[in-house]
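This report describes helix packing, sheet organisation and the ligand surroundings of one structure. Please consult the sequence and the coordinates alongside the text.

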Amino acid sequence: MIFGGKNDRTEDQVEIQCHDQLEDAIIRISDLPSLSTKPPGCILITVLKLLFSTDHCNFSDMEENSDSDVDSDMDNNDNFQDQFLENYNVSQEELHDLYKYLTLFGSQFGLLLLNYREKLLSIKDIPKLFRHEFFDFITSILANDLNWIENLALKEEILQLSSKLISENCGRLAKSDFIRRIKIKYDNGGKKHLNILLQEPSLTEDKIGLKTWGSSLNLSRRICNEFEDLIEFPVLELGSGTGLIGIVLSFLMKSQNKKVNRGDLVLTDLEEIVDNLKENVKLNQVENFSMVKTLNWESPDSFKKWMIKNYSTSNYYQTIIISDCLYSPSMPFLLIEMIKTFFKFNNTLKSRLLIQNPVREGFEYERNTLSGLLNQDEILKTRLKLVRTTTEYGYDDFGRQEFIFQEFCS
Ligand SMILES: C[S@@+](CC[C@H](N)C(=O)[O-])C[C@H]1O[C@@H](n2cnc3c(N)ncnc32)[C@H](O)[C@@H]1O
């Protein structure tokens with residue numbers, strides 16, 4: 001590609017001026033093409049695409065020393081870089097054009113882009129590292145009429161990418177759809193790990209099941225470490241959301257060659273959530289290990305009918321899993337009904353109820369009511385015993401979070 005404008009440095013000079021000690025320097029906003037140099041539309045577009053943070057791993061902005069860096073070596077390798085470019089639709093040629101532009105018109109840093117491919121890919125870290133400068137840069141693009149760019153379609157793309165970048169960086173609630181990568185290190189010393197992909201559409205209305213919640217990551221980790229002791233099949237999950245726990249269970253079944261029927265692991269949620277849940281099961285290629293069904297706790301009849309038709313009873317499940325499903329006053333009562341309807345109470349078989357909840361301020365009533373009902377309900381109090389309560393910490397998109405895990409056995 002040929003750039004117009006003043007060219008007072010040659011590529012040879014660029015090579016000469018490269019300096020080893022600056023090889024490790026991080027790229028900053030001031031190293032990106034300044035609007036005063038009137039960068040071509042395609043150069044701006046490449047920069048904007050690179051500014052998107054591709055790698056939403058666990059709840060990564062917040063997690064320290066977490067599982068999210070399990071595969072950092074792998075993440076930095078060429079495959080990962082190729083995947084990054086592919087995801088963001090940036091060709092090698094476009095990356096090279098940006099490199100050339102920066103060496104000709106950029107700051108001193110632009111001259112020192114040894115290893116330019118890796119360095120340019122680190123543009124994605126700018127929004128996290130230099131937040132204010134990043135917002136200044138994007139708003140300066142939005143405020144500029146970009147009158148040197150004649151192609152209206154390019155101009156429109158620049159505006160769209162800039163607006164999307166702003167919402168992308170205004171917290172999870174404003175984010176558009178993306179794929180979250182979950183890495184779980186387990187087997188005590190962390191010798192094994194799981195990689196899971198979860199599609200999360202933008203959050204509209206109050207469909208909170210379209211987001212993965214920290215509670216499910218903590219419980220998934222526990223399940224990975226205690227699979228044999230904690231899980232009895234068949235399993236029913238209530239309010240599965242994006243499906244992390246069920247997908248983790250499927251992977252564990254797969255890795256241990258567990259022979260179970262698809263109906264022995266059922267992930268459920270509201271009708272408007274199950275399409276995304278099904279997509280996630282497919283995305284992780286575990287359709288053969290689990291089933292996704294609609295189960296609305298307020299109108300469970302169709303699910304119950306399906307149970308009776310297939311298993312001649314609704315009291316079928318030996319493990320019921322509930323993660324972060326207590327955030328309105330009616331929920332404890334609804335969940336108790338679900339447990340009574342679908343749990344297999346059996347004196348000889350060990351059935352389990354696993355409940356993980358964030359300790360959120362303002363939801364004490366819901367948590368206490370569920371515990372009270374489990375203790376006092378005429379049927380449940382004689383059949384379910386609380387065998388473990390653990391308080392632990394983890395992360396969510398909104399920061400560090402305290403959680404309570406409870407295990408009940410029949
Ligand atoms: C905070 S999310 C937790 C999702 C998932 N368990 C997790 O931990 O990531 C609560 C889930 O409960 C589901 N839910 C809420 N009310 C429900 C109802 N009446 N019937 C079935 N699911 C419901 C929501 O759709 C959502 O998926």
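## Packing of α15 and α16

Helix α15 crosses α16 in a right-handed manner; a crossing is right-handed if the near helix is turned clockwise from the far one by less than a right angle, and left-handed if anticlockwise. The model is predicted: local features need pLDDT of at least 70 and side-chain atom pairs count only at pLDDT 80 or more, while totals for chains, interfaces and linings use all residues. Residues are numbered from 1 along each chain as its sequence is written. Helices (H or I, at least four residues) and strands (E, at least two) are DSSP runs numbered from the N terminus.

Two packed helices are described by the angle between their axes and the distance between the axes. For α15 (residues 331-342) and α16 (residues 364-376), the angle is about 35 degrees and the axes lie 8 Å apart. Axes are lines fitted to C-alpha atoms, for helices over the stretch in contact, and angles run from 0 to 180 degrees between N-to-C directions. On the α15 side, M331, P332, L335 and I336 meet E366, T369, L370 and L373 of α16; contact requires C-beta atoms, placed from the backbone, within 7 Å. The residues of this contact comprise six nonpolar, one polar and one charged. Here Ala, Val, Leu, Ile, Met, Phe, Trp, Tyr, Cys and Pro count as nonpolar, Asp, Glu, Lys and Arg as charged, and the others, Gly among them, as polar.

## Packing of α9 and α10

Helices α9 (residues 131-143) and α10 (residues 152-168) cross at roughly 145 degrees, their axes coming within 10 Å. The crossing of α9 past α10 is left-handed. I138, I141 and L142 of α9 form the contact with I158, L159, S162, L165 and I166 of α10. By class, seven residues of the contact between α9 and α10 are nonpolar, one is polar and none is charged.

## The seven-stranded sheet

Seven strands form an open sheet of mixed pairing, in the order β6-β5-β4-β7-β8-β10-β9; strands pair if DSSP finds at least two bridges between them. At the edges are β6 (291-294) and β9 (385-396), each pairing on one side only. From one strand to the next, the twist averages 20 degrees.

Strands β8 (residues 352-358) and β10 (residues 399-409) are antiparallel and share seven bridges. L354 has E407 in β10 as its bridge partner. Helix α11 (residues 214-230) lies across β7 (319-323), β8, β9 and β10, and runs at about 150 degrees to β8.

## Ligand surroundings

The ligand is surrounded by 20 residues, of which G209, W213, S216, G239 and G241 are the closest; a residue is near if its C-beta atom, placed from the backbone, lies within 6 Å. This shell contains eight nonpolar, nine polar and three charged residues.

Methods. Contact = placed C-beta atoms within 7 Å.
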